[in-house]
Amino acid sequence: MRIIVTGGAGFIGSEFVRSMLLAPGAANDIRITVLDKLTYAGVRENLDPVAGHPRHAFVHGDICDGDFLDQVVPGHDAVVHFAAETHVDRSITGSAPFVTTNVLGTQLLLDAARRHGVGRFLHVSTDEVYGSIPVGSWSEESPLAPNSPYAATKAGSELLALACHRTHGMDVVVTRCSNNYGPYQFPEKVIPLFITRLLDGGKVPLYGDGQHVRDWLHVSDHCRGVELALRHGRAGEVYHIGGGTELTNEQLTGHLLAATGRGWEQVERVPDRKGHDARYSLDCTKAATELGYAPLVGFERGLADTVAWYAGNRSWWEPLQRRAALRASA
Ligand SMILES: NC(=O)c1ccc[n+]([C@@H]2O[C@H](COP(=O)([O-])OP(=O)(O)OC[C@H]3O[C@@H](n4cnc5c(N)ncnc54)[C@H](O)[C@@H]3O)[C@@H](O)[C@H]2O)c1
């Protein structure tokens with residue numbers, strides 16, 4: 001199978017590429033072309049472990065450029081679409097790049113995939129498209145009610161992907177996952193932001209009352225779920241990929257303080273994020289029964305490994321902290 005992986009230099013996309021090519025027992029019938037614009041969140045070094053791999057190629061470009069897509073897409077059997085603007089806070093201060101990449105870029109990619117007869121199009125989405133749920137869990141049939149501009153553009157993009165299935169019969173599968181954590185995550189997202197600041201003895205910001213609940217999913221479990229959906233998902237269907245560890249942000253902060261040997265004096269309470277969703281929760285029964293999906297990495301082990309990775313890889317994240325700060329002040 002010849003696969004285009006968009007956003008393959010980002011956090012989750014690069015884990016997908018590394019695991020598909022390097023994991024013990026990985027199938028050797030996979031060839032991967034990474035297509036990435038290398039925005040501030042794209043890190044070429046994330047793919048160093050597969051540099052020179054005979055079944056990997058990297059192409060620098062933008063999913064919003066239809067002519068470029070016409071050069072790259074032909075000859076591939078599948079697209080796994082991770083590329084997106086992904087940081088909720090950035091979407092609140094400026095949503096135009098989110099609409100451009102997440103909505104228009106996805107449509108142009110779908111058009112190119114259809115034009116060039118690509119088989120399967122696996123669209124990676126998020127639990128944030130549902131909005132917020134006080135109790136219980138969403139099924140794949142729950143109505144979409146996104147609140148942040150980020151979530152609204154992710155909802156728009158997956159609706160366009162599903163429309164391509166219903167209108168044109170394209171072989172589209174959508175996955176919606178919960179909050180990922182693990183190595184190589186850009187240090188503006190909460191877990192790597194907190195770890196890197198705590199390792200340096202700095203302060204960490206906790207939004208509002210700290211009672212917002214998120215379900216945490218190790219990135220390797222997510223990528224296994226994406227591969228299962230890619231290989232075995234039914235066309236036109238949506239699958240949830242969750243981690244099964246629901247924590248308030250305050251509980252998460254407690255775990256991160258313990259893992260880095262710091263105390264609560266490092267935590268600064270800051271005003272809540274605008275429109276902050278109170279709780280996300282996915283029912284993953286469908287992926288479990290149809291795809292055989294179950295998360296394998298327990299949260300405590302996954303978090304300890306993640307903290308150890310950041311502690312051992314300062315040369316990876318210190319330049320990115322400067323890049324994030326530059327971008328924030330631009
Ligand atoms: N991180 C999470 O917890 C999470 C949760 C649910 C869903 N998702 C989804 O998973 C996907 C990957 O998320 P991530 O955390 O790895 O993101 P990321 O921000 O780490 O990486 C995004 C990648 O996309 C690339 N990109 C951005 N715009 C592009 C464009 N116009 N053309 C080509 N490449 C472009 C960037 O250079 C970067 O390499 C996204 O679609 C996101 O919505 C993420």
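Helix α1 gives the most to the shell around the ligand, contributing three residues. The model in which this is seen is a predicted one. Around the ligand there are 29 residues, and those that come nearest are Gly-7, Gly-10, Ile-12, Gly-42 and Thr-126. Besides α1, at least two residues of the shell are supplied by each of α4 (96–115), β5 (120–126) and β7. Sorted by class, the shell holds 13 nonpolar residues, twelve polar ones and four charged ones.

Strand β2, residues 31–36, runs parallel to β3 and is joined to it by five bridges. Within this pair, Val-34 stands opposite Phe-58 of β3.

Strand β7, which also supplies residues to the ligand shell, belongs to another sheet. That sheet is open, has three strands in the order β7-β9-β11, and its pairing is mixed. Because β7 (179–181) and β11 (245–248) are the edge strands and have a single partner strand each, one side of each is left without a neighbour in the sheet. From one strand to the next the twist averages 45°. Strand β9, residues 213–218, pairs with β11 in the antiparallel sense over four bridges. Asp-215 has Glu-246 in β11 as its bridge partner.

The last feature is a pair of helices. Two packed helices are described by the angle between their axes and by the distance between those axes. For α6 (residues 190–199) and α8 (residues 249–260), the axes come within 10 Å and cross at roughly 35°. The crossing of α6 past α8 is right-handed. On the α6 side the contact is made by Phe-194, Ile-195, Leu-198 and Leu-199, and on the α8 side by Thr-253, Leu-256, Leu-257 and Thr-260. Which classes of residue make up the contact of α6 with α8? Six are nonpolar and two are polar, with no charged residues.

Notes. Residues numbered from 1 in each chain as written. Predicted model: local features only at pLDDT ≥ 70, side-chain atom pairs only at ≥ 80, totals over all residues. Pairing = 2+ DSSP bridges. Axes fitted to C-alpha atoms, helices over the stretch in contact; angles between N-to-C directions. Left-handed = near helix turned anticlockwise from the far one by under 90°. Contact = placed C-beta atoms within 7 Å. Nonpolar A, V, L, I, M, F, W, Y, C, P; charged D, E, K, R; others polar. Near = placed C-beta within 6 Å.
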